[in-house]
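I opened my notebook to get to know a new structure. Here is what I looked up, entry by entry.

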Amino acid sequence: MTSARRTAAPQRALRRLPLNVAATLTVVICLFPVYWMVATAFKPSRDIQSYEPRLIPAEWTFEHFRTAVQADGFALFWRNSILVTLSAVLLALVVALGAAYAVARLRWRGRRQFMLAVFIAQMAPWESLIIPIYIISRDTNMLDRLPTLTLIYFMITLPFTVVVLRGFIAGIPPELEEAAQVDGCTRLGAFRRIAFPLLAPGLMATSLFGFITAWNEFTYANFLIIKQQDSRTLPVWLSSFQTTFGTDWGATMAASTLFALPALIVFLALQRHVTSGLTAGGVKG
């Protein structure tokens, strides 16, 4: 029996070899542009413009990072991106939490039609709404304003947030809340004390999606912030980042690296909680 298991183990490893190779190749292809961006940010300018590119910088420099940080508007546009992104994510979580609870726990006419509309909104390409949103923003005097971007990012992330949180709430046994209500809690109090702590994985997942979506969004920010340059966000600023001598690719890559850091930090901080199960959360709580 032991010898049979020893013989089967190499066979399973051999069968999995093509999948492992394909997975490794996919990871390398996806990560190479990111590596090249970071490596270019640390290369001296003469190595960036060399006809013989190097995978690993021969010399390392922080000069491009200093140029990017000291560039006009970097701190201002960084603040704008943080403000718009966090506001949109928090607003989407608050609204979606109420909508998801109503769909998952309450029985009311039109509930299925409401979820169908949410799914349709989630599948619709938001780029197709650029012209209508631009016209509405222009007619209501909402162009060149950060609250306009906040509302748009809120609308983009809301359908996904509702769908995910609805699934998490439906996965929590309603008997837990009913038992709390028998003990004297109101419906809101039972949800806050029993169900809400178990929603941590769903809240983390939707927060991560909303943050990355709003943080990286370029199209709406570029079309709706036209005249008021101080209301631009980092993606728009990066697309037009230039010095008096033209495009400084080293500083551009350094600014792009700094721009990618918040999303990476948020992902690393939340990914462990996102993958945790509701059952494990209930046992721990």
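**Entry 1: around Thr-61**

I began with a polar contact: the backbone nitrogen of Glu-63 lies 3.1 Å from a polar atom of the Thr-61 side chain. A polar contact here is a pair of N or O atoms within 3.5 Å; within protein, one must be able to donate a hydrogen and the other to accept it, and residues adjacent in sequence count only if both atoms are side-chain atoms. This is a predicted model, where local features need pLDDT of at least 70, side-chain atom pairs count only at pLDDT 80 or more, and totals for chains, interfaces and linings use all residues. Residues are numbered from 1 along each chain as its sequence is written, and side-chain values use heavy atoms, with hydrogens and water left out.

I found Thr-61 in the loop between α2 (45-48) and α3 (63-69). Leaving aside residues up to four places away in sequence, Thr-61 touches Ala-41, Phe-42, Lys-43 and Pro-44; a contact means heavy atoms within 4.5 Å.

**Entry 2: salt bridges**

I noted four salt bridges in the structure, each a side-chain nitrogen of Lys or Arg within 4 Å of a carboxyl oxygen of Asp or Glu.

Is Arg-46 buried or exposed? Arg-46 is exposed, because its relative accessible area is 52%, and the cut-offs are under 20% for buried, over 50% for exposed and partly exposed in between (1.4 Å probe, protein chains only). Glu-59, at 42%, counts as partly exposed.

**Entry 3: a patch on the surface**

Next I looked up a nonpolar patch: Phe-32, Tyr-35, Leu-55, Ile-56 and Trp-60, with about 570 Å² of accessible area together. Patches take residues with over 30% relative accessible area and no salt bridge, joining like charges within 9 Å and nonpolar side chains (Val, Leu, Ile, Met, Phe, Trp, Tyr) within 5 Å. Areas come from the Shrake-Rupley method with a 1.4 Å probe, and for residues only the protein chains shown count as cover. Tyr-35 sits in helix α1 (residues 2-42) and is partly exposed, because its relative accessibility is 37%.

**Entry 4: the cores**

Which residues touch the most other members of the largest nonpolar core? Of its 45 residues, they are Ile-169, Phe-191, Leu-199, Leu-234 and Trp-237. Helix α4 (residues 74-105) gives the largest share of this core, eleven residues. A second, separate core has 17 residues, including Val-84, Trp-126, Leu-143 and Ala-214. Such a core is a set of buried Ala, Val, Leu, Ile, Met, Phe, Trp, Tyr and Cys residues joined through side-chain atoms within 4.5 Å.

I also checked Leu-234, which touches Phe-74, Phe-77, Trp-78, Ser-81, Trp-215 and Phe-259, not counting residues up to four places away in sequence.

**Entry 5: the whole chain**

Buried residues make up 37% of the 285 residues.

Technical notes:
Helix = DSSP H or I, 4+ residues; strand = E, 2+ residues; numbered from the N terminus.
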